[in-house]
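Please keep the sequence and structure at hand while reading.

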Amino acid sequence: MIYLEWNNVITKYFFNETKAGKEVLLYVNDETINSLGEPFGVGVDDFIESVKNGPGWITRTGFCQKALQACEDWRSKGLEYPPYISYLAFFVLAAVTETDYAPHSYYPGFWKRLKEPQDAGTPSSFHRMIELWDDLEKWSREDKHEELGRFVARIRGGYMHVGLPRSQTVLSEYERKHLPNLFDEGGLDPTDAPSPEIIPKILRNYGHDVLEKRTLKLLDSTQADDAVLRKALIEVVLDELEEWDGAVEEIVAGEEQLRLQVHTGLRLCIKLDPLAAQASVYVRFKTSRMFPEDGLNLRESDGKHAWFCREAHQGWSTPLTDITNGSVGKLDGSSLDWNKGTLFVDRDNHWRVRLRGADVRLFRLGVMDGLPDWVETQKLERGREFLIAFSQGVEGRIKKWGEEYCEHIKQEHVSGLPPGWTLVRVKNVTASCPGIDILSVSTSARLILIEGVKSGRGNIYFKFAPPRVAIENSSGFENVTMNGVQLSRPDVRFPIWVLPGDVPSGQPLRIEVNLEEHRLSKIIRLEEFGLPVSFDETPYRDSSGKICRSDTQVRVCGSIVCGEKEHISYPSLIPTHLGDKIVFLGEKPGQVADWPHEAVPSSWHPVWALVCRSRKQWDVFFCGTPDQVKIGYSFDKPVDDRSCVKRWKEALWVRRKITVPPEIRDIRRIWEEYVRAARNV
Amino acid sequence: MSDTLIYAMSTRGSMKIEQFNELFRRVYFPSFEQVEESVEVDIRRQIVRVLDSLGYCEFDFDGRMVYMCKPSLVLLPVFGLPKAALVGARSPALIQKLKGAVKIRRNKAVLKYLHHSGINAAIPAAIFIEAMDIETIHEIASDVRIVYETSWPAAWALANISSSLDTLKESLIFESRAEPNWKRRVFSKERLVFSGFESDNPASYLAEYKDPVSQQLHHWLWKDGAAAFVDRDWGRYVFLADEGLNILLYDEKLQKLAVPVTVPLPCVLARAVALCTGTAPLLAKTCPESIGTVPPEHSVQIYSGITHVIAKLVASKLHQKLIYTRLNRQRMDAL
């Protein structure tokens, strides 16, 4: 295969629609190259030969110089993909090449692959390869709007240039693909990721069947250089966990196909009533899967009771509720075994919802999730208030830690918790509680975009629905900018920033947070969008409501009736739905009907309907004929009944200051003519 | 929020139902109270029905697609000045154009907004143009380059052309069939819902079966051992009519029609009643006593501005007799 063929095959493998919005790691090893070359009958040797030659237009001689020339001005060449990706893939391949040198050495592997002496040192111009990595980031994020994936040129490890290819090797594609199995085995909830500090422990405990030896080695390494790579690995794992929808494929006896089973974690919710010293505990869960249309009926293993729920909003379920007896009663969360946990199953829909067993449970205010009360979480964050529920065995440790490392700790003396459990309120935690995983405080923050509506799969948002910027585990002092301009934070209680209203559309918007140790950034773009050119695809319905052909005799599209139909004129009636109390007035002074005490007039045609909104407000509606619109008010002799004339005058003239006149100017003019006429009757 | 949903839908023109669901999840933020209440009503399903009934879009559940309709001005069945509602797709630019076209005719026309609240907060603000005459509405529609239908009120046209239960019943083919061994629910005439707990097998019943592979629902109407496939919405009314049960509540004085949420009107008739005002029906609960066949504290959709003639026409199409009652706040609890 020639260079560009290899380049296209490799690029398509790593950058494609399935990676939209996700971070791409350019992890390349012999297995990857061989599998990509297999359909063409070639392998690693052919690949290396192709990068030695480079693309057809290369004239320079050095390896890195060829890579640079491949990158130069490539966008003007009409190529589908950046033509230097094969070079970057080669640099990563070198990083996973075993040599006789120290494990952290990079260049011997580089030369070994090129069949050159391994001690040749740093390749000429290697320091300029950062230009290629940066360009790849620009291409994926700004040119392609992350629609094929997001590449981030990270420098990991103590060596700047070698750190770039090395950072691609933290996790192989195989490992990434199989992470859901690990998550499932570890009982992780994708909607409630644990603190980054406890991810290594989880990976070690549940990763033996999924993770390669080198990954496990990285997790166990105590070397300073590896700390940065380990952090990168944790970030990727957390990203993958959040992308996971909780579905795992299971082999079911007697069934040919794998069955998709949805797993998620049950969250305890606490409603505190300080006056009554009462905690009411109920349960709900969150999922990124869509709920079945008819909701879920979840049963415990004893199968006695079905607990119903459906989606409330944003993937949150309603509280689990008993609806079998006609009355609605929430499942009492304090009746569950908090220490051992419990499992609820909906067999028909293949959903499993598990309450994790734990001696310590953490709760945060639900307001960030649009929920009332306190909602269970797996992550302790800085600068926030939490409730901690714990059983007797850990009481001493938690109270000691709380006094030392929390700005505020106070026991909530409430009933309603399971026997032996205590509830404390803590604020501004500064350090982790040793030996209790859930009370680990992360020092790293994450930049996330919340809400907003994307126009597609990449990083483009509708201008009318931009995202908001949130920092998870915020220290409270971050400065968030967009293209260098500081963003505003409407409510200092929440680490959420908003984009200004006059953000330009169609331009890359770099949202950045500068932290002490590093910088977090995301690039988005806002777009104006119009209506589709055509609505020809919109189907028609027949008179029974079934989708039908566009030549059906009488058909409906939305609210429009098309085709040949018999026209029956509408017998319009005087409107009594405008309000509970309406005074109808006719054109003759004294034509008045106070509905509903009096009947709707039948002997004369009302011109005005005055609707009582309150004692101090009446609204006017014109209900006359088209002729009355044209003619306006023309003096007419009053009716004989003087009391009716008086009421007519009262409605028009006496109450004129508390009557809101019609909005249409010409109608208002007619109304004013009536008011003036009423003055003189 | 309400406009965000329709703007996003309109921009896409058409989308898969799954994409709509995702979109809805991103934009729907109810208040705490609604989060607690919504166990009884599937909000997304309600919103889908309302969007469909107001003529904004067509939900094709068999094809699993949502299609936006052409932006149009349709006449409401009001008394006095002609009033047209904007239905179909919309965008911020279209609304600006519409405002501009009304502004230059401000002596003769006015643009009105009505924002929905509560559970209906996800429904786009209703936009109306009230004018001195029909011609002004035509001029505005032409300026904005949108369709108008003002020859007769959309509600009246839809109610007239809608099929009736007679036609539907004629199309049912009852055959002796083996009941599938899929998960079954039976429509309960006492609770007006499909229920898995109905134990006895009466001579006639409406059953719902869920295909375990595709998860599609199928509805069969059973009569003396023979069954006919039936559309779910029509099927419920066929069953109720056969049982002689009336469930449509009407307040003649307030011109309001209440339809149980669990027995929604067939699509064309639902559009007819929704387009009497062009606004979403109010979701409410009936009083603690049953009204006719409607069980106590049952969720209902209350449509406003339903004149007696339209209410009777809709009821007659469904072989229902209107239950005349008061639909005021004392009798209904708004959700």
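Chain B and chain A bury about 7500 Å² between them, with 61% of it on carbon and sulfur atoms; buried area is the accessible area (1.4 Å probe) that two parts lose on being put together, summed over both. This is a predicted model, in which local features need pLDDT of at least 70, side-chain atom pairs count only at pLDDT 80 or more, and totals for chains, interfaces and linings use all residues. Residues are numbered from 1 along each chain as its sequence is written, chains are lettered from A in the order in which they are written, and side-chain values use heavy atoms, leaving out hydrogens and water.

**Interface**
- In contact (heavy atoms within 4.5 Å) are 91 residues of chain B and 84 residues of chain A.
- Eight salt bridges cross the interface of chain B and chain A, each a side-chain nitrogen of Lys or Arg within 4 Å of a carboxyl oxygen of Asp or Glu.
- A salt bridge joins the side chains of A:Glu311 and B:Arg25, at 2.9 Å from N to O.
- The side of chain B that touches chain A has 44 nonpolar, 21 polar and 26 charged residues; Asp, Glu, Lys and Arg count as charged, Ala, Val, Leu, Ile, Met, Phe, Trp, Tyr, Cys and Pro as nonpolar, and the others, Gly among them, as polar.

**Sheet and helix in chain B**
- Three strands (DSSP E runs of at least two residues) form an open sheet in chain B, in the order 1-3-2 with antiparallel pairing; two strands pair if DSSP finds at least two bridges between them.
- Strand 1 (14-16) and strand 2 (57-60) of chain B are the edge strands.
- Strand 2 and strand 3 (residues 65-68) of chain B pair over four bridges, and B:Glu58 has B:Tyr67 as its bridge partner in strand 3.
- Helix 2 (residues 17-27; helices are H or I runs of at least four residues) of chain B lies across strand 1, strand 2 and strand 3 of chain B, at about 90° to strand 1; axes are lines fitted to C-alpha atoms, for helices over the stretch in contact, and angles run from 0 to 180 degrees between N-to-C directions.
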